[in-house]
Amino acid sequence: MNVPTDINSYVRVLKFATTPEWEEFSRVALIAAAGIVLVGMLGFLMFVLMSYLPGGL
């Protein structure tokens with residue numbers, strides 16, 4: 001692992017990185033929130049199904 005070369009690569013990437021516009025940020029946040037809610041609902045439905053099936057904990 002060549003540390004000076006790696007650091008130069010990281011600095012180059014950070015120079016290209018820009019702060020997102022509000023519209024882009026809000027769209028990404030909305031999609032992430034929808035994914036979190038979807039996974040939570042799926043987990044809750046699995047919990048409810050397993051609770052009411054015979055032999056459920």
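Is R27 buried, exposed or partly exposed? I looked up R27 and found a relative accessible area of 46%, so R27 is partly exposed. I used these cut-offs: buried is under 20% relative accessible area, exposed over 50%, partly exposed in between, with a 1.4 Å probe and protein chains only.

**Ground rules.** I am working on a predicted model, where local features need pLDDT of at least 70, side-chain atom pairs count only at pLDDT 80 or more, and totals for chains, interfaces and linings use all residues. Residues are numbered from 1 along each chain as its sequence is written, and side-chain values use heavy atoms, with hydrogens and water left out.

**Whole chain.** I counted two helices and zero strands. Helices here are DSSP runs (H or I, at least four residues), as are strands (E, at least two), numbered from the N terminus. Buried residues make up 0% of the 57 residues. The accessible surface comes to about 5700 Å², and 74% of that belongs to carbon and sulfur atoms. Areas come from the Shrake-Rupley method with a 1.4 Å probe; for residues, only the protein chains shown count as cover.

**Helix α2.** I checked the length next. The 31 residues of α2 should span 45 Å at 1.5 Å a residue, and the end C-alpha atoms are 45 Å apart, which agrees. The expected span is 1.5 Å times one less than the number of residues.

**Salt bridge.** What does R27 meet in a salt bridge? The partner is E23, at 2.8 Å, N to O. The rule asks for a side-chain nitrogen of Lys or Arg within 4 Å of a carboxyl oxygen of Asp or Glu. The count comes to one. E23 and R27 are four residues apart in α2, which means about one helical turn. E23 is exposed, at 53%.

**Aromatic pair.** I found one. W22 and F25 are tilted, 5.6 Å centre to centre with 40° between the planes. Rings of Phe, Tyr and Trp (its six-membered ring) pair if their centres lie within 6.5 Å; planes under 30 degrees apart are stacked, over 60 edge-to-face, the rest tilted. Both residues lie in α2 (residues 22–52), three residues apart. I noted W22 as exposed at 64% and F25 as partly exposed at 45%. An α-helix has 3.6 residues a turn, so residues three or four places apart point the same way.

**Nonpolar patch.** I7, Y10 and V11 make a surface patch of about 290 Å². Patch residues have over 30% relative accessible area and no salt bridge; nonpolar side chains (Val, Leu, Ile, Met, Phe, Trp, Tyr) are joined within 5 Å, like charges within 9 Å. V11 sits in helix α1 (residues 3–16). V11 is partly exposed, at 38%.
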